[in-house]
Structure formats: C-alpha cells, structure tokens
Amino acid sequence: RPFLLRHIALRAPKAVVLLGNGACTAVLGKSGLQRLREADQTVKAGAHICPAFPIYAPERLMTIPLLKREAWADLLKLKATLEGRT
C-alpha cells in the first residue's frame, strides 16, 4: 500500500479509478464496493488528494450484465469530474 500511494502522489492524477473491491481495499483501506460507490471517495497520497471512483471489476460486469448500467453511470460521473463539471 505505501508503494501504491507513493506512486499516486508522484503522478498526481486528477482522479483514480478503482476496479473492483480488491482495488478499493488496497487504496482506500475499505471494502464493500456497493456502499463505496454511493458516497464520494478520495485518495490522500502524501500532499496529493484526488477523487476516487470505485467501479465494478470487468469480470463482475461480464457475469452480471445488469450491473453495466451502474458502471456506465459511474463512468459518466468520472467524465464530469475530469471535465470540471462537478
């Protein structure tokens, strides 16, 4: 986790996309993807703070196609954030 957070701090991204519960646990230290999706999440890596977007893992989207609608909404929210509309 320290290596990952240091890498995020060095790159200073506008946002971080977390694909699946494993990524959420690794970066945010929290689990429960459905609950994490519902609230705004942030990653603090050193002095850098950026929004985090938990999204279902591709494997989960392939096994449960009904989740694609929620994943699409998450991607639209990410796009709006990157374009500065939120």
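I call a residue buried when its relative accessible area is under 20%, exposed when over 50%, and partly exposed in between (1.4 Å probe, protein chains only). Helices (H or I, at least four residues) and strands (E, at least two) are DSSP runs, numbered from the N terminus.

**Ground rules.** This is a predicted model, where local features need pLDDT of at least 70, side-chain atom pairs count only at pLDDT 80 or more, and totals for chains, interfaces and linings use all residues. Residues are numbered from 1 along each chain as its sequence is written, and side-chain values use heavy atoms, with hydrogens and water left out.

**Entry 1: helix H2.** I looked up residues 21–28. Cys24, Val27 and Leu28 are buried in H2. They cover an arc of only 80 degrees around the axis, so they sit on the same side of H2. The arc is taken from the directions from the helix axis to the C-beta atoms. In general, an α-helix has 3.6 residues a turn, so residues three or four places apart point the same way. I then checked contacts (heavy atoms within 4.5 Å). The buried residues of H2 pack against helix H1 (2–11), S1, H3, strand S2 (41–45) and S3. Gly29 follows H2 and has a positive phi, near 75 degrees.

**Entry 2: helix H5.** I tested its length. Ala71, Asp74, Leu78 and Ala80 are buried in H5. Their cover includes strand S1 (16–19), helix H3 (33–38), strand S3 (48–55) and helix H4 (58–63). After H5 comes Gly84, with a positive phi near 80 degrees.

**Entry 3: Ala12.** Which loop holds Ala12? I found Ala12 between H1 and S1. Its phi is positive, about 50 degrees, although Ala12 is not a glycine. Most residues other than glycine have a negative phi. Ala12 is partly exposed, at 39% relative accessible area.

**Entry 4: the largest pocket.** A pocket is an open set of points on a 1 Å grid over the protein atoms alone, with protein on both sides within 12 Å along at least five of seven lines; lining residues have an atom within 4 Å of a point. The largest pocket holds about 160 Å³ of space. Its lining has 13 residues, and the closest to its centre are Asp40, Gln41, Ala52, Phe53 and Lys77. H3, S2, S3 and H5 each give two or more residues to the lining. S3 gives the largest share, four residues.

Conventions: 1 Å grid on protein atoms, 1.4 Å probe; cavity = no way out; pocket = protein on both sides within 12 Å on 5 of 7 lines; lining within 4 Å. Points joined across faces, edges and corners; volume = space filled by probe spheres on them.
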